[in-house]
Amino acid sequence: MAGSKHLGDLLYETMKDIYFAEKQILTALPKMAAAAQAPDLKAAFETHRRQTEDHVKRLEQAFQILGKPAQPKTCNAILGIIEEGKEVMEEFQGTDALDPGLLAAAQAVEHYEISRYGTMVTWAKTLGLDEVAELLAQTLDEEETTDQLLSKIAKATVNAKAA
């Protein structure tokens with residue numbers, strides 16, 4: 001029935017989606033770190049895995065504030081992005097192009113997360129859910145910082161090495 005869903009419902013559904021995504025990312029990051037050849041890229045993946053554990057905890061806190069269960073909802077977008085990363089690992093293993101490919105895959109993940117978290121922060125603020133907005137904004141800030149770090153690594157080392 002049209003009109004029976006509200007912004008709060010959309011926020012909750014999107015939180016379930018990103019909750020699934022974060023859990024998938026937790027599984028993918030150790031594999032990416034193991035495959036990475038450049039020490040700074042490997043370290044960035046390991047750091048982001050630890051941050052992602054905090055992202056999951058913050059989402060669980062946000063679900064609790066909403067009084068809703070923390071249930072993951074399959075996110076086909078993240079599954080596709082992660083699959084592309086796996087393909088890069090297989091196709092470019094042992095080559096200088098592996099690290100730029102891994103980095104690009106990681107940035108695709110970051111950009112997806114930045115998009116989702118940015119939207120959820122705005123929705124939470126619109127709904128007057130300031131505590132939820134604050135939790136989500138913390139994660140958004142970390143995602144943006146990680147994206148900037150990956151860009152710096154790409155420019156400083158891995159892209160030039162593969163050129």
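Modeller: A polar contact here is a pair of N or O atoms within 3.5 Å, one able to donate a hydrogen and the other to accept it; neighbours in sequence count only through side-chain atoms. The model is predicted: local features need pLDDT of at least 70 and side-chain atom pairs pLDDT 80 or more, while totals for chains, interfaces and linings use all residues. Residues are numbered from 1 along each chain as its sequence is written, and side-chain values use heavy atoms, without hydrogens or water.

Colleague: Which side chain makes a polar contact of 3.3 Å with the side chain of His48?

Modeller: His48 sits in helix 2 (helices are DSSP runs of H or I, at least four residues). Its side chain is joined to that of Gln51 by a polar contact of 3.1 Å. The partner at 3.3 Å is the side chain of Glu143.

Colleague: Does His48 count as buried or exposed, and at what relative accessibility?

Modeller: Beyond four places in sequence, His48 is in contact (heavy atoms within 4.5 Å) with Leu29, His55, Glu110, Glu113, Glu143 and Thr146. Buried means under 20% relative accessible area and exposed over 50%, with a 1.4 Å probe. His48 therefore counts as buried, at a relative accessibility of 3%.

Colleague: Within what arc do the buried residues of helix 3 fall?

Modeller: The buried residues in helix 3 are Ile78, Ile81, Ile82, Gly85, Val88 and Met89. Seen down the axis, they line one face of the helix, because they fall within an arc of 105 degrees.

Colleague: Which residues are exposed on the other side of helix 3, and what covers its buried residues?

Modeller: Asn76, Glu90 and Glu91 are exposed on the other side of helix 3. What covers the buried residues of helix 3 includes helix 1 and helix 4 (98-126).

Colleague: How far apart are the end C-alpha atoms of helix 1?

Modeller: Helix 1 has a kink of about 30 degrees at Ala28, shortly before Pro30. At 1.5 Å a residue, its 29 residues, 7-35, should span 42 Å. The expected span agrees with the distance between the end C-alpha atoms, which is 41 Å.

Conventions: Helix = DSSP H or I, 4+ residues; strand = E, 2+ residues; numbered from the N terminus. Expected span 1.5 Å × (residues − 1). Bend = angle between axes of the 7 residues up to and from the residue. Arc of directions from axis to C-beta.
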